[in-house]
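This briefing covers helices, charged pairs, aromatic pairs and some individual residues. Please read the points below alongside the sequence and the coordinates.

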Amino acid sequence: YKQDTIKEGPAYEYKKHSKKIDKSLKELQKSYLDFYESLRKKGLDNEAADFLDNYKKNVVGFTKQYKKDFGKLL
């Protein structure tokens, strides 16, 4: 027999938010890496490295914590 999908509870309720945030984070990552490559092509290796380090320290850390915290809600 076919089991009906339950459209209630935190997983269902938060799914659209999770998808939006995940999409935004992927776009941010792509934009950061594109800019990093652009700086490198201009010979600004030190500036590019600083930019990438900032990304790793802040955005990657945020993303990991967000996913951990979001998982607790489900």
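**Salt bridges**

Two salt bridges are present in the structure. The model is a predicted one.

- Asp34 and Lys30 form a salt bridge through their side chains, with an N to O distance of 3.0 Å.
- Asp34 and Lys30 are four residues apart in helix 1, which means that about one helical turn separates them.
- In an α-helix there are 3.6 residues a turn, so residues three or four places apart point the same way.
- Asp34 has a relative accessible area of 43% and is partly exposed.
- Lys30 is also partly exposed, its relative accessible area being 47%.
- The salt bridge between Arg40 and Asp45 has its closest N and O atoms 3.8 Å apart.
- Arg40 counts as partly exposed at 40% relative accessibility, and Asp45 counts as partly exposed at 42%.

**Aromatic pairs**

- Six aromatic pairs are found when the whole structure is searched.
- One of them is formed by Tyr14 and Phe70, and because the ring centres are 6.3 Å apart with the planes at 70°, the pair is edge-to-face.
- Tyr14 belongs to helix 1 and Phe70 to helix 2, so this pair ties together parts that lie 56 residues apart in sequence.
- Tyr14 is partly exposed, at 26% relative accessibility, whereas Phe70 is buried, with a relative accessible area of 13%.
- Another aromatic pair is that of Phe35 and Phe51, edge-to-face, with 4.7 Å from centre to centre and 70° between the planes.
- Phe35 is in helix 1 and Phe51 in helix 2, so their pair ties together parts 16 residues apart in sequence.
- Phe35 counts as partly exposed at 39% relative accessibility, and Phe51 is partly exposed with a relative accessible area of 28%.
- Tyr14, Phe62, Tyr66 and Phe70 are linked into a cluster by ring pairs.

**Helix 2**

- Helix 2 consists of 29 residues.
- From its first C-alpha to its last, helix 2 reaches 41 Å, which is close to the 42 Å expected at 1.5 Å a residue.
- At Lys56, helix 2 has a bend of about 30°.
- The buried residues in helix 2 are Ala48, Leu52, Tyr55, Val59, Thr63, Tyr66 and Phe70.

**Thr63**

- Thr63 is located in helix 2, which runs over residues 45-73.
- The relative accessible area of Thr63 is 18%; because buried means under 20%, Thr63 is buried.
- A polar atom of the Thr63 side chain lies 2.8 Å from the backbone oxygen of Val59.

**Tyr32**

- Tyr32 sits in helix 1, which covers residues 10-41.
- Tyr32 counts as buried, at 16% relative accessibility.
- With residues up to four places away in sequence not counted, Tyr32 touches Phe51, Asn54, Tyr55 and Val59.
- Among these, Phe51 is the residue that pairs with the ring of Phe35, and Tyr55 and Val59 are among the buried residues of helix 2.
- The side chains of Tyr32 and Asn54 are joined by a polar contact of 3.4 Å.
- Tyr32 and Leu52 are 20 residues apart along the chain, and their C-alpha atoms are separated by 7.8 Å.

**Ser18**

- Ser18 is placed in helix 1.
- Ser18 is buried, and its relative accessible area is 16%.
- Apart from neighbours within four places in sequence, Ser18 is in contact with Tyr66 and Phe70.
- Tyr66 and Phe70 are both members of the ring cluster that includes Tyr14 and Phe62, and both are listed among the buried residues of helix 2.

How values were computed:
Residues numbered from 1 in each chain as written. Predicted model: local features only at pLDDT ≥ 70, side-chain atom pairs only at ≥ 80, totals over all residues. Heavy atoms only, no water. Helix = DSSP H or I, 4+ residues; strand = E, 2+ residues; numbered from the N terminus. Buried < 20%, exposed > 50% of the residue type's maximum accessible area, 1.4 Å probe, protein only. Contact = heavy atoms within 4.5 Å. Polar contact = N/O pair within 3.5 Å; in protein donor to acceptor, adjacent residues only side chain to side chain. Salt bridge = Lys/Arg side-chain N within 4 Å of Asp/Glu carboxyl O. Phe/Tyr/Trp six-rings, centres within 6.5 Å; stacked < 30°, edge-to-face > 60°. Expected span 1.5 Å × (residues − 1). Bend = angle between axes of the 7 residues up to and from the residue.
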